[in-house]
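Student: I have a new structure to look at. How should I read its features? Please take me through a few.

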Amino acid sequence: MQHEFWHQRWQENRIGFHQFMPSPLMVSYFNGLNLKPNSRVFVPLSGKTLDIRWLLQQGFRVIAVELSQIAVVALIEQLSTDFGFDFEMSEQNNLIHYSHPQIDIFIGDFFDLTHKQLGQVDAIYDRAALIALPYEMRQQYAQHLIQISQVAPQFLISYEYDQGSFEGPPFSVESAEIHQLYHHVYDIKCLTEQYVDAQKNKGDHPRSKVWLLRTKI
């Protein structure tokens, strides 16, 4: 992954991608996964997203992985304040692991995370992982995600715009690429498409799409 780029973004607090409320698209459509209470939801490249707080409030357990220690420290402080969580810390290979019965948080490179470390995954929530990676890394990301999660179903929010109008991240990920990355193991359904405020979002003609990826039988 682009370690230095992301470490610098967090150190300089250039985190315009961080939202100060849970994703409205997640709140509106996440129940499409039909998850049972206490299901474990994996949030790759999590940052300090408030989406995790919302997932915990719905009765789910969470696993998150994030490269930036700054982000994870902020996330842990938030969860300790909101829920009174106390975490145990350990080191596993190249990753630092903060654990609590309701949530596991790993600091380090997503590509160092193994299926054994991750454990059971009932669903994946990807709002800002796939679109954070350049084209040449997205194939590797998708393959690793499929492998370590054992093809867990996904709730995926993608972002599309005229890529020529902005370098990214976030990067524009077209519908055709999502099908190319995942069609061999998932049945793919677009739940909604919404155009977003161009003054507040990157790129020309920006829009978000919500995808439900269910494991093929």
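Student: Is Asn-34 buried or exposed?

Tutor: This is a predicted model. A residue counts as exposed when its relative accessibility is over 50%. Asn-34 reaches 62%, so Asn-34 is exposed. Look for Asn-34 in the loop between helix H2 (24–29) and strand E1 (40–44).

Student: What is the phi of Asn-34?

Tutor: Start with the general idea. Most residues other than glycine have a negative phi. Asn-34 is not a glycine, yet its phi is positive, about 55°.

Student: Where is Asn-38, and what is its phi?

Tutor: Asn-38 lies in the loop between H2 and E1. Its phi is positive too, near 75°, and Asn-38 is not a glycine either. With a relative accessibility of 39%, Asn-38 counts as partly exposed.

Student: Now the helices. At what angle do H6 and H7 pack?

Tutor: Helix H6 covers residues 135–149 and helix H7 covers residues 175–182. They pack at about 40°, and their axes are 10 Å apart. The crossing is right-handed.

Student: Which residues meet there?

Tutor: From H6, they include Tyr-135, Arg-138 and Leu-145. From H7, they include Glu-177 and Leu-181. By class, the contact has 7 nonpolar, 2 polar and 2 charged residues.

Student: And the whole chain: how many helices and strands does it have?

Tutor: The chain has 7 helices and 9 strands. Of its 217 residues, 51% are buried.

Notes
Residues are numbered from 1 along each chain as its sequence is written. This is a predicted model: local features need pLDDT of at least 70, side-chain atom pairs count only at pLDDT 80 or more; totals for chains, interfaces and linings use all residues. Side-chain values use heavy atoms; hydrogens and water are left out. Helices (H or I, at least four residues) and strands (E, at least two) are DSSP runs, numbered from the N terminus. Buried means under 20% relative accessible area, exposed over 50%, partly exposed in between (1.4 Å probe, protein chains only). Axes are lines fitted to C-alpha atoms, for helices over the stretch in contact, and angles run from 0 to 180 degrees between N-to-C directions. A crossing is left-handed if the near helix is turned anticlockwise from the far one by less than a right angle, and right-handed if clockwise. Contact means heavy atoms within 4.5 Å. Ala, Val, Leu, Ile, Met, Phe, Trp, Tyr, Cys and Pro count as nonpolar, Asp, Glu, Lys and Arg as charged, and the others, Gly among them, as polar.
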